[in-house]
Amino acid sequence: MKKTVTVGLGSCGIAAGAEKVFKKIQALKEADGLDIAIQKTSCVGMCYNEPLVEIQDDTGYFMYGHVDEKSIVAIMEEHIRNGNPVRDQVVLSDLFETGDASFMEGQVKIALRNCGYMDPESLEEAEKREAYQAIGKILENKVSREEVVEEVIRSGLRGRGGGGFPAGLKWRFALRNKADQKYVICNADEGDPGAFMDRSLVEGDPHTVLEGMIIAGYATGATQGIIYCRAEYPLAIKRLNIAIQQARKNGYLGKDILGHKGTDFDIFVKEGAGAFVCGEETALMASVEGKRGMPRKRPPFPAESGLWEKPTNINNVETFANIPWIILKGAEKFAAYGTEKSKGTKVFALAGKINHGGLVEVPMGITINDIIFKLGGGIQKGKEFKAVQLGGPSGGCIPAYLAHTSIDYDSVNATGAIMGSGGLVVMDETTCMVDMARFFLDFTQKESCGKCTFCRIGTKRMLEILHRITIGEGEKGDIEKLEELAYQIKDNSLCGLGQTAPNPVLTTIKYFRDEYEAHIVEKKCPALSCKELLTYEVIPDKCTGCRVCAIKCPVNAIDGEKKKVHVIRQDDCIRCGDCYNRCRFEAISVR
Amino acid sequence: MRVERKLVKNQESQTVDTELDLGLLDDLLKKHTGKPGNMIPLLQGVQNIYGYLPRAALLKVSREAGLHLNDMHGVATFYSQFRLHPVGKHIIKVCHGTACHVQNAGGITDALQEALGVKDGETTEDMMFTLESVACLGCCSLAPVLMIGDETFGKLDGDAAVKVIKDIRIREQQQNN
């Protein structure tokens, strides 16, 4: 067998320098006349080890992590030429145990089944991995539209964009509404900061997303598909367009799909222009129509009157990616994973203060603890796990003591957070929860489209209060004021953005009220994160008088002669923390 | 994340506009005129050509594609992608996604604001750099990150970010000499 060298070229890999490594491998192959095959793939989920290079030979596979232009030379020399794998740098292999193996164990890959295992720009490789066999099976066996819808309903698949509405039911509504034209829209407007599941999926396996849409088109009787993708994802858009071209050329898209007379479905990509609210379905459709992306009242639901007032079925990228698998393997097999009301798997983007940040797909029903400590490898720098933020700006913070919560729609909702699209940001003892709430509200406040008064003005007022609290100007009664505003906004907003915007504030008040009180009453930030509330002081016993802090202080607020104890003038200190970080004797205290 | 917008001084943008080659718009107009839902693709096309949405170009598109100027302005100011004023040669996009925020992305914006002498969303006087905050660049495991052109810089702190800018300045000076 020819040795194969595969480089992970997803956005995350490229950001970490994978492109340079890829070019270096090509150069080495040419210069030395090596008999190897070089391949591209996408993200396998181990973002924390990027750039990743996989070498496959007769003995097995070896995944190298943190490869750069220099280390790849040594790896190629030792492994390819001399046949000795460089074990120290292998993060995953089928031949021996590695510390990173736990990241893959416990994962069940359905939506991500092909990500990182094939070249996303090659239809041939996708076909080898069962692409377009599900739609082939449907058309070949003359499965009726109703039967396809029934199969999806039986699988128990719920919308993976965050709402959790049963996907099959949505399809049924669209099918039953008669019209001369219907649409299928794929929502790839992943605006949630800290989430990158949809991007990785589209970059890694565009054909699966297309096939999911083709099946939805057949099942609902739609002939036109639209993928609404963020303009901030240029690589995803490029790969989608390549895949669409390939699918058209090979008869998977267009009229008479796979030669079956009367079938018709085509897809184009619509670039979003940067508005978080366009993730909401009615706003998204307004944006496709070329208008300001503002939500409208429902009903009528899109299945009745959607894009251009025609019946429209909108699903998220991950939802579509599950469809071909369900059709091929059967609804029962999908429903075998998960809990009673939440079937299948869910993809999460792990980020924040976690050792193994990246993309994981886990069966529903796993606990948050298992995700963080078994797959995620625990908290960075051995710090203490404090909370996890689920569901982005619409979600909430779940404290460490509730981390035994099972991941399913209902259990997560019960904590006050939401499942959301799958962003999971881990926070440690140094993260201030008030600041976190302020961060999310700052985001939703800026992204509010302005249609509903409560969302437009209410979030602004809440943000002002939170800002005051974090700079030490909080007043008694602020917490109650925040709660009152929060419930008003939830009750009086038209769309999901406003209805969920107060969640981060409400959950942090619920679980970390003492932190709010410390800010308001004692004017202290227990996490030592809110700059305005900190005091830096020299510890006289430890100070050696080395003058490093005095020299480095950007505002010259530190006095002291050589070999004598220094003093920080509090009136001039801007609390930048430079002295604290630079002191080699731990002689600066912060509180 | 939405960029705070500065009001453009009319005089300034007019003088820049007069040098525009509006002929560049012809292909774009041919492609999109008359199609439903063409407003956003047209605006995106205009911005791809000029780097921002110049008034003269908007007037021409309005005339020839039959779109109302006030609708175009409404859409252009709704979406964060569109700019109504020229930007610097290099756009510095500092990621303020959740992951970057907990890894102190604020410190990077602070350091860059000081080093460049501009505020978030503004452009340096020499039209070299525009500083922007963006919601999420999707490289959360490299947090905190910033992006300039196609290049992403990860695991930064304030000093490292300032060094990235300095390196670009040096490269630009070498090219000019």
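This is a predicted model: local features need pLDDT of at least 70, side-chain atom pairs count only at pLDDT 80 or more; totals for chains, interfaces and linings use all residues.
Which residue stands opposite A:A387 in β14(A)?

Residues are numbered from 1 along each chain as its sequence is written, chains are lettered from A and ligands numbered from 1 in the order in which they are written, and side-chain values use heavy atoms, with hydrogens and water left out.

**Figure 1. Chain A is assigned five domains, from domain 1 (3–102) to domain 5 (534–590).** The bounds come from an automatic or database domain assignment. Between the C-alpha centres of domains 4 and 5 of chain A there are 36 Å.

**Figure 2. Helices α10 (206–220) and α11 (234–249) of chain A pack at about 60 degrees, axes 9 Å apart.** Helices (H or I, at least four residues) and strands (E, at least two) are DSSP runs, numbered from the N terminus. Axes are lines fitted to C-alpha atoms, for helices over the stretch in contact, and angles run from 0 to 180 degrees between N-to-C directions. On the α10(A) side, A:P206, A:H207 and A:L210 make the contact (heavy atoms within 4.5 Å); α11(A) brings A:R239, A:L240, A:A243, A:I244, A:Q246 and A:A247. By class that's six nonpolar, two polar and one charged residues (Ala, Val, Leu, Ile, Met, Phe, Trp, Tyr, Cys and Pro are nonpolar, Asp, Glu, Lys and Arg charged, the others, Gly among them, polar).

**Figure 3. An open, mixed sheet in chain A runs β2-β1-β3-β4-β5.** Strands β2 (36–41) and β5 (90–93) of chain A are at the edges with a single partner each, so one side of each has no neighbour in the sheet. Pairing takes at least two DSSP bridges between two strands. Antiparallel β3 (53–56) and β4 (61–64) of chain A share four bridges, and A:E54 has A:M63 as its bridge partner in β4(A). Helix α3 (69–81) of chain A lies across β1, β2, β3 and β4, at about 10 degrees to β3(A).

**Figure 4. A mixed, open sheet of chain A has the order β12-β11-β15-β13-β14.** Its edge strands, β12 (358–363) and β14 (396–399) of chain A, pair on one side only. Four bridges hold β13 (385–390) of chain A and β14(A) in an antiparallel pair, and here A:P399 is the residue opposite A:A387. Helix α17 (433–447) of chain A packs on this sheet, touching β13, β14 and β15, and makes about 15 degrees with β13(A).
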